[in-house]
Amino acid sequence: MPTSNTDHIPTPTPAQIRRWRRYLAAERAEAAIYRELGQRREGPEREILLALADAEARHESHWLKLLGPRSEPAPHPDLRTRLLGFLAKRLGFLFVLALAQRAEGRSPYDDDPNATVRMAADERIHGEVLRGLAARGRTRLSGTFRAAVFGANDGLVSNLALVLGIGATGAPPSVVLFTGIAGLLAGALSMGAGEYVSVKSQRELLAASRPDPASQSALAHLDVDANELALVYRARGMAPEDAEAHAQDVLATLHLEADVPPEELDPHEAVGSPWHAAGSSFLFFASGALIPVLPYLLGMAGLPAVVVASVLVGIALLGTGAVVGILSGAPPLYRALRQLAIGYGAAAATYLLGLLFGATLA
C-alpha cells in the first residue's frame with residue numbers, strides 16, 4: 001500500500017505518477033502566481049504572498065522527491081491553473097485573490113494518502129490567508145460594487161421587462177425602441193440619484209454614531225466621584241462594573257481615544273463614496289439597459305428582436321452573477337444561474353402582462 005513516507009514508498013503505479021505530476025505542476029504554477037502578485041504589492045502584503053510562494057515550493061519538493069527522475073519532462077498545469085496564472089498578470093488584485101482562494105479551497109490533499117497531513121493543513125490555511133488579504137479589498141469595494149451590480153442587474157431586467165411588455169402589446173418597433181431608450185435614461189438617472197442619497201445618508205448616520213473628539217476637552221473637568229463618564233460606556237452596552245472601571249482608566253489618563261477600540265477599517269470605507277456609488281450605478285444601469293434595446297437599434301422587430309434581446313440579457317446576467325460569485329467567494333455557477341432565473345422570471349411576468357393587456361385592447 002502507498003504511504004506518505006517518501007523514503008520507503010513502493011514503486012508507484014502509472015496512475016500515481018500521473019497524479020503526482022499533476023500536483024507538481026499545480027504547486028509550481030501556484031508559487032509563480034503568488035510571486036507574480038507579490039511583485040505588484042508592497043509592505044506586508046508582498047511579504048505574505050512571497051511566503052505563500054515559499055510554502056508552495058516546499059510542497060513542490062515533496063512531489064519531486066516522490067517522482068525522482070519521473071518529474072522530467074516538466075509537467076504542464078491543468079487548464080484551470082493556467083487560466084489563473086494568465087489572469088494574475090492581467091486582472092485586478094482582488095479578482096485574482098478571490099480566484100486563488102477558491103482554488104486553495106479545492107485542494108485534493110485531504111484524501112490523498114501520498115500527501116502529508118501537514119500539506120493538507122497548509123492548503124486550508126492558505127485559503128484563509130488569501131481570504132484575509134482579500135477582506136480589506138472586498139470591504140473597500142463593497143459600496144461601489146453593490147451599486148454597480150445592482151445597477152447593471154436592474155438595468156438588464158427592468159429594461160428587458162419594459163421592452164418585452166410594450167412589444168407584447170403589439171406596439172410598433174419604433175415605439176418599443178423609444179420606450180426602451182426612455183427607460184434607460186430615466187432609470188439611470190433615478191439609480192444614480194438614489195445611490196447618492198442612500199450612501200450620503202448612510203455616511204451621515206455612521207458619523208453621528210461615532211465618538212465626538214471634541215468631548216476630549218471635558219475630561220479634565222468631570223466630577224471624578226460622580227463619574228458620569230461611566231454612563232457613556234453603559235449606554236454603549238458595557239456592564240455597570242466594566243463601564244465604571246473603563247471610565248476610571250480614561251480619567252486617569254485624560255485620553256478619550258482609549259475609549260475607541262482600534263479598527264482595521266473605517267466604516268465609511270465600507271460604505272464608499274456617494275459620488276462613486278452614484279456614478280457606478282448610473283453607468284452600469286445604462287450599460288445593462290442598453291442591451292435589451294440593441295436588437296431594435298439594429299432594425300429588428302417582432303419575435304426575432306424579442307429572442308435576441310432575451311439571449312443577450314441572459315448572457316449578461318450569467319456574467320454578472322458569475323463575477324459576484326467569484327468576488328464573494330461563492331460558487332460562480334450557482335450565482336450565475338440564480339441571477340438568470342430571477343431576471344428571466346421578472347421579464348417573463350411582464351411579457352405575459354403585456355400579452356394580456358394587448359389582447360384586452362384588441
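**Exercise 1. The nonpolar cores**

Which residues of the largest nonpolar core touch the most other members? Locate them and say where the core is drawn from.

*Solution.* This is a predicted model, in which local features need pLDDT of at least 70, side-chain atom pairs count only at pLDDT 80 or more, and totals for chains, interfaces and linings use all residues. Residues are numbered from 1 along each chain as its sequence is written, and side-chain values use heavy atoms, with hydrogens and water left out.

Step 1. A nonpolar core is a set of buried Ala, Val, Leu, Ile, Met, Phe, Trp, Tyr and Cys residues joined through side-chain atoms within 4.5 Å. Buried means under 20% relative accessible area, exposed over 50%, and partly exposed in between, with a 1.4 Å probe and protein chains only.

Step 2. Pick out the residues. The largest core has 17 residues, and those touching the most other members are Leu156, Leu160, Val163, Leu164, Tyr296, Val313 and Leu317.

Step 3. Assign the elements. Two or more residues each come from α5 (117–168), α6 (173–209), α10 (274–297), α11 (302–328) and α12 (332–361). The largest share, 6 residues, belongs to α11. Helices here are DSSP runs (H or I, at least four residues), as are strands (E, at least two), numbered from the N terminus.

Step 4. Follow one member. Beyond its neighbours within four places in sequence, Val313 contacts Leu156, Leu160, Ile291 and Pro292. Contact means heavy atoms within 4.5 Å.

Step 5. Look for another core. A second, separate core holds 13 residues, including Tyr34, Leu37, Phe93 and Val96.

**Exercise 2. The aromatic cluster**

Describe the ring pairs that Tyr23 forms with Trp63 and with Tyr109.

*Solution.* Step 1. Rings of Phe, Tyr and Trp (its six-membered ring) pair if their centres lie within 6.5 Å; planes under 30 degrees apart count as stacked, over 60 as edge-to-face and the rest as tilted. The whole structure has 4 aromatic pairs.

Step 1. Take Trp63. Its pair with Tyr23 is tilted, at 4.8 Å centre to centre and 50° between the planes. Tyr23 sits in helix α1 (residues 14–39) and Trp63 in helix α2 (residues 43–67), 40 residues apart. Both Tyr23 and Trp63 are buried.

Step 2. Take Tyr109. The ring centres of Tyr23 and Tyr109 are 5.2 Å apart and the planes stand at 85°, so this pair is edge-to-face. Tyr109 lies in the loop between α4 (93–105) and α5, 86 residues from Tyr23. Tyr109 is buried, as is Tyr23.

Step 3. Join the pairs. Trp20, Tyr23, Trp63 and Tyr109 make one aromatic cluster.

**Exercise 3. The salt bridges**

Find the salt bridges, and state how exposed the partners are.

*Solution.* Step 1. Side chains of opposite charge can pair when their charged atoms come close. The criterion for a salt bridge is a side-chain nitrogen of Lys or Arg within 4 Å of a carboxyl oxygen of Asp or Glu. The search of the whole structure returns 3.

Step 1. Start with Asp112 and Arg19. Their closest N and O atoms are 2.7 Å apart. Asp112 is in the loop between α4 and α5 and Arg19 in helix α1, so the bridge ties together parts 93 residues apart in sequence. Asp112 is buried, at 6% relative accessibility.

Step 2. Move to Arg28 and Glu60. Their side chains meet at 2.9 Å, N to O. Arg28 is in helix α1 and Glu60 in helix α2, so this pair ties together parts 32 residues apart in sequence. Arg28 is partly exposed at 26%, whereas Glu60 is buried at 17%.

Step 3. Finish with Arg41 and Glu45. Their closest N and O atoms are 2.8 Å apart. Arg41 is partly exposed at 25%, and Glu45 is partly exposed at 24%.

**Exercise 4. Helix α2 and the whole chain**

How many residues has α2, and what does it reach from its first C-alpha to its last?

*Solution.* Step 1. Check the span. α2 has 25 residues and reaches 37 Å, close to the 36 Å expected at 1.5 Å a residue. The expected span is 1.5 Å times one less than the number of residues.

Step 1. List the buried side. Among the buried residues of α2 are Leu49, Leu52, His59, Glu60, Trp63 and Leu66.

Step 2. Read past the end. Gly68 follows α2, with a positive phi near 60°.

Step 3. Zoom out. The chain has 12 helices and 0 strands. Buried residues are 39% of its 362 residues. Among contacts between residues at least 6 apart in sequence, 74% join residues at least 24 apart.
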